[in-house]
Amino acid sequence: MDTATKPEASGLHSALRYKFIAIVGNENLRAGAPADAVGGAQPKLVIDPGTESELAEVLRLSNDAGLAVIPRGGGTKLGWGNPPARADLILSTARLNEIIEHAWADLTVTVETGCTIQKLQETLAQHGQRLALDPLWPEKATIGGVLSTNDSGALRLRFGALRDLIIGVTIALPDGTLASSGGKVVKNVAGYDLPKLVTGALGTLGVITRAVFRLHPLPRSKRACSITAANAEEAQRIVLAIQDSKLAHTFLQSHFSDDATPTSDILFEGTEAGLTAQEAQLRKLCGAARVSEASTATWAAREELWSFSEPSTTAIAKISILPGDLARTIGGVERTAKLHQLRWRALAYATGIVWVRLEGRPGGLRGALQLLRVELENQGGSLAALHRPEKMAEFDAWGSAGDALGVMKAVKNQLDAKGTLNPGRFVGAI
Amino acid sequence: MEARILDELRTIVGDHGLISSPEELHTYECDGLTNFRVMPRAVLLPNSTEQVQAIVRVCHRERMPFVARGSGTGLSGGALPVENGIVISLARMNRILEVDFPNARVVVEPGVINLDVTGRVSPQDYFYAPDPSSQSICSIGGNVAENSGGAHCLKYGFTTTHVLGLEVVLPDASLVHFGGKTLDAPGYDLAGVFVGSEGTLGIATKVILRIVKRPECVRTLLAAFPSTNEAGAAVSGIIAAGMLPAAIEMMDNLSIQAAEAAVHANYPNCGALLLVELDGPVAEVEALMANVKEICRSNDASEIRVAQSDAERALVWKGRKAAFAAMGRISPNYIVQDGVIPRTALPRVLSEIERLSKEAGVRVANVFHAGDGNLHPLVLYDRRISGQEEAAEALSSKILELCIAAGGSITGEHGVGEDKKKAMAKMFAEPDLATMQRVRCAFDPLQLSNPTKIFPTPRLCGEKPGEYAPHAIESAGIAERY
């Protein structure tokens with residue numbers, strides 16, 4: 001008998017443990033290991049349910065027993081959010097990974113949330129379709145994790161974020177309820193839009209077990225260009241001019257850093273005839289700025305920003321601003337970094353979402369994040385600190401939820417009154 | 001209503017902001033769905049957020065329900081007054097507060113008319129994308145409540161896609177802000193939950209909208225087919241070819257006749273008409289349009305026209321947008337239905353509708369947002385003939401059941417309101433509805449804001465919902481949850 005099957009090793013009441021085993025089977029329950037730690041807390045158990053109803057039942061028993069549950073997909077973004085106030089059990093969706101129905105002629109897919117993004121995209125591509133989203137680490141990241149963290153990339157400019165792609169959802173609530181909302185059709189206004197409620201909720205309201213998405217065709221052809229600007233002001237002028245033009249680009253992102261001049265990448269998708277005409281228009285629009293063919297490295301820009309060697313001296317923040325505040329914001333990042341003696345680089349999407357990497361002493365990182373957050377919140381924006389060094393003094397990952405926090409807490413209280421799911425990890429200590 | 005409450009309300013909005021005489025109240029006893037009527041106790045016409053808050057404060061204290069109303073064009077009874085309640089009309093809060101072109105944002109009050117947003121930004125070549133057929137009279141506040149769609153949602157999305165933030169007066173009169181001008185505000189996406197909640201979570205007093213740059217060109221193709229089957233096959237062909245048109249609309253012969261009689265859109269007389277609109281850069285659109293024409297031809301289209309001017313294009317759309325009202329030309333009374341089906345179920349569902357229609361002796365005209373599966377069957381009847389109204393209503397319900405059985409929805413854009421409460425229980429299982437009601441309780445524990453709508457069985461907040469039990473058809477293996 002290995003340690004996983006010894007009730008006392010888990011520190012959990014043995015009767016409860018046997019109930020879990022009765023639901024998922026002995027082989028799908030094990031003791032938590034150091035690698036399962038979340039924000040410094042090591043859960044006692046890891047459970048891998050094989051069906052939605054098994055998951056709901058495990059969740060219900062945990063809730064009844066007062067255990068804190070951390071839902072987990074691929075585990076790629078488990079560090080996003082505040083450290084959990086408590087963490088007793090990891091509820092993994094790894095075995096809930098089936099693509100239930102790809103209704104390609106209807107441009108929809110129904111999928112279990114433990115399925116990875118890559119597996120889903122490969123299946124959809126067989127019919128020339130895609131989920132029009134480019135989240136981080138698609139080979140490991142799951143549908144459920146990407147939904148819960150509301151991760152989006154460059155394609156958001158054209159196709160919207162997850163909130164615009166998800167059309168149906170099934171969630172398991174802490175009381176064991178399995179509830180569905182939305183449906184399998186793109187246009188549907190029957191009942192409340194709970195798919196949007198759980199998207200970006202960091203698993204604090206329920207565990208998403210199933211999702212339905214609207215799909216888009218894969219492009220016939222693509223063409224990408226890079227535009228070099230002299231400084232952040234010129235980069236902003238170019239970005240706003242492109243946004244105000246008749247170009248139908250798929251994405252537009254700009255790179256800034258302390259050691260290179262700004263460049264912007266633009267991607268066009270469509271027919272060859274359309275691409276040629278749009279590239280010509282782009283060159284005309286950019287005037288004196290240099291336009292060149294883009295290297296394929298730009299596709300991976302966000303993952304590159306996230307691939308740092310020193311987690312103990314790196315912070316990564318997702319900043320949200322108005323597109324017209326780009327140059328001002330980059331100027332602010334530059335000044336703040338200088339003040340705290342930090343290296344910095346940023347990837348800015350034309351939607352106003354900007355990813356910033358800062359490197360230096362933890363004290364300096366904290367000071368810079370704090371200063372930037374105050375400035376951004378004063379302008380109506382926000383800053384979420386999604387990677388912080390472990391040694392950095394406590395710093396709220398999210399910032400202010402404003403006067404809506406009361407309703408958010410009421411929603412949490414209605415669906416998870418005991419604070420079973422990811423306690424303390426979300427805004428306002430939800 | 002007690003005189004003291006009426007007086008208190010009058011002091012908030014002034015004499016001109018209060019309607020309480022029975023003759024005048026009649027205007028407000030229903031919305032676009034006229035077969036339900038309830039007299040409100042009073043109608044209030046506030047002109048500011050502060051006035052809305054003050055009114056709601058009185059309602060909260062007195063436990064008096066209220067219903068917010070925009071232009072009253074809704075087709076599901078969402079703005080139907082509730083017994084012993086008041087109506088709060090947002091019609092006077094109709095200012096466009098801010099237009100920000102560099103960031104493509106517009107801030108409006110809820111009473112602003114949908115088309116006026118586009119009117120305001122069109123000189124700079126922008127538009128507001130959601131375009132319900134009633135766009136020249138419906139209000140943004142109403143659009144927010146209903147998550148209104150329109151013909152172009154296939155490419156551009158719905159109201160919820162274009163609402164970035166909201167100022168809301170909650171049912172306890174507190175003022176809160178959901179979302180904002182920037183994306184991904186910290187916390188739950190409450191703007192996403194509020195849009196489409198049909199007035200049951202509070203009253204929006206300010207709305208931040210996203211506007212869109214006009215595409216370089218728009219081309220509209222009209223193709224005539226022998227029947228809806230060939231037209232449907234052409235739609236499938238277009239989707240399979242990897243195109244995402246701005247709109248694909250289908251009309252059957254009866255709808256074509258009605259539209260012709262009403263607005264002389266110069267439609268060909270055929271079994272089914274397809275209207276395909278592509279927009280974007282000229283070179284791209286021309287290349288794809290050639291493709292669409294080929295697909296239509298290979299599916300037996302007898303006539304294909306591409307509108308060459310804005311005027312021709314407007315005429316093509318005029319026929320389609322007038323289709324509902326045009327039914328008056330061929331039938332004294334009609335019911336507008338709003339079901340959704342997966343697009344591929346179209347041939348099966350249409351032939352079933354035809355069978356039911358013959359069986360009931362009631363004619364059905366079909367107008368269809370073919371790209372996204374939103375079906376608008378118009379059930380035609382004559383109220384003066386005894387039994388016809390009942391037969392039409394029964395047929396209309398059966399059509400909804402067909403949509404549910406096909407894996408679709410009971411409403412694509414008109415909302416549940418009063419009209420489809422019962423059908424909700426057919427589309428959703430009890431735990432689904434109970435979960436939605438728990439969300440409602442977080443916003444409105446006393447159930448004052450448009451109570452009695454959407455949900456078939458009202459639940460008092462604090463009442464614990466039952467545990468999950470499989471739906472009967474689920475246990476029988478007939479249906480599965482999605």
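This is a predicted model: local features need pLDDT of at least 70, side-chain atom pairs count only at pLDDT 80 or more; totals for chains, interfaces and linings use all residues.

**Stop one.** Select Asp184(B) and Arg156(A): their side chains meet in a salt bridge, 2.8 Å from N to O. Asp184(B) is in the loop between strand S9 and helix H8 of chain B, while Arg156(A) belongs to helix H6 of chain A, so this pair joins two chains. Now show the surface. Asp184(B) is partly exposed at 23% relative accessible area, but Arg156(A) counts as buried at 9%.

**Stop two.** Next, pick Asp175(A) and Arg438(B), another salt bridge, with 3.0 Å from N to O. Which parts of the chains do they come from? Asp175(A) lies in the loop between strands S8 and S9 of chain A, and Arg438(B) in helix H17 of chain B, so here too the pair joins two chains. Asp175(A) is partly exposed, at 24%, whereas Arg438(B) is buried, at 9%.

**Stop three.** Now stay within chain B and select Arg355(B) and Glu359(B), whose closest N and O atoms are 2.8 Å apart. Both sit in helix H14, four residues apart, which puts about one helical turn between them. Arg355(B) is partly exposed at 41%, and Glu359(B) is exposed at 55%.

**Last stop.** Select Glu2(B), Arg4(B), Glu8(B), Arg61(B) and Glu62(B) together: salt bridges with shared partners link them into one network.

Notes. Residues are numbered from 1 along each chain as its sequence is written. Chains are lettered from A and ligands numbered from 1 in the order in which they are written. Side-chain values use heavy atoms; hydrogens and water are left out. A salt bridge is a side-chain nitrogen of Lys or Arg within 4 Å of a carboxyl oxygen of Asp or Glu. Buried means under 20% relative accessible area, exposed over 50%, partly exposed in between (1.4 Å probe, protein chains only).
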